[in-house]
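Please work through the following exercises on charged side chains with the sequence and the structure at hand. Each task is followed by a worked solution.

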Amino acid sequence: MENHPQENHCAEQVTRDSVDRHVAQWSKELAWMDPVKEAIYVRLAKLARHASQARRDALDSDGLRHWQYKVLLTLRRHGPPYTASPSELADRLGLTRGALSARLAPLEEAGLIGRTHESADRRRVLVRLTDAGYAAFEQHAAAEEADEVALLAALTAEEQRTLADLLRKLVVAAESGPDGLAPRRSRSAES
């Protein structure tokens, strides 16, 4: 009996997926292809697309646009009192000051953020997450959490920890470029 590492990695019966069919088809065409590597990369790509689509769907149902959520998330990540200067926000979001200003106006009109002046220096503006903005962030984060928990329910708690540890190894390898130097991060890497 032929041993296929991707299919026989454990004693239990493995349910085949679309990636198994993909790998089987390409294995016939590309003798040099490593089927395990291909299965890993295609599955990671499918899961990334699934997660992105689930996030878009959750945002759509919440009535938020991605860029709006990113501003709320950045303020929330800042911690209490959920304020930041426009320059801090622009830097964290990878935006110019002008691009950030254009994004803040609709959020302020919707009541999700507020802009206030510092009491000591009236020229200095602070952007703060309002109660409505906090609630909008919480609602979206809870919907995302529910989707993620539902997907991961296919794994036991131990399998989830093992997967997290294995993925950490891959992220560490990806983040340390040639000669151990971390490559430049993309602006979306902070989300």
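**Exercise 1.** State how many salt bridges a search of the whole structure finds.

*Solution.* A salt bridge is a side-chain nitrogen of Lys or Arg within 4 Å of a carboxyl oxygen of Asp or Glu. The model is predicted, so local features need pLDDT of at least 70 and side-chain atom pairs count only at pLDDT 80 or more, while totals for chains, interfaces and linings use all residues. Residues are numbered from 1 along each chain as its sequence is written, and side-chain values use heavy atoms, with hydrogens and water left out.

**Exercise 2.** Determine which residues are linked with Arg43 in a network of salt bridges.

*Solution.* Step 1: aspartate 17 pairs with arginine 43, with the closest N and O atoms 2.9 Å apart. Aspartate 17 lies in the segment before helix H1 (18-29) and arginine 43 in helix H2 (residues 35-62), so this pair ties together parts 26 residues apart in sequence. Helices here are DSSP runs (H or I, at least four residues), numbered from the N terminus.

Step 1: aspartate 20 also forms a salt bridge with arginine 43, at 3.0 Å between the closest N and O atoms. This pair links helix H1 to helix H2 across 23 residues.

Step 2: Asp17, Asp20 and Arg43 are therefore linked in a network of salt bridges.

**Exercise 3.** Decide whether aspartate 20 is buried or exposed.

*Solution.* Buried means under 20% relative accessible area, exposed over 50%, and partly exposed in between (1.4 Å probe, protein chains only). At 5%, aspartate 20 is buried.

Methods
Helices (H or I, at least four residues) and strands (E, at least two) are DSSP runs, numbered from the N terminus.
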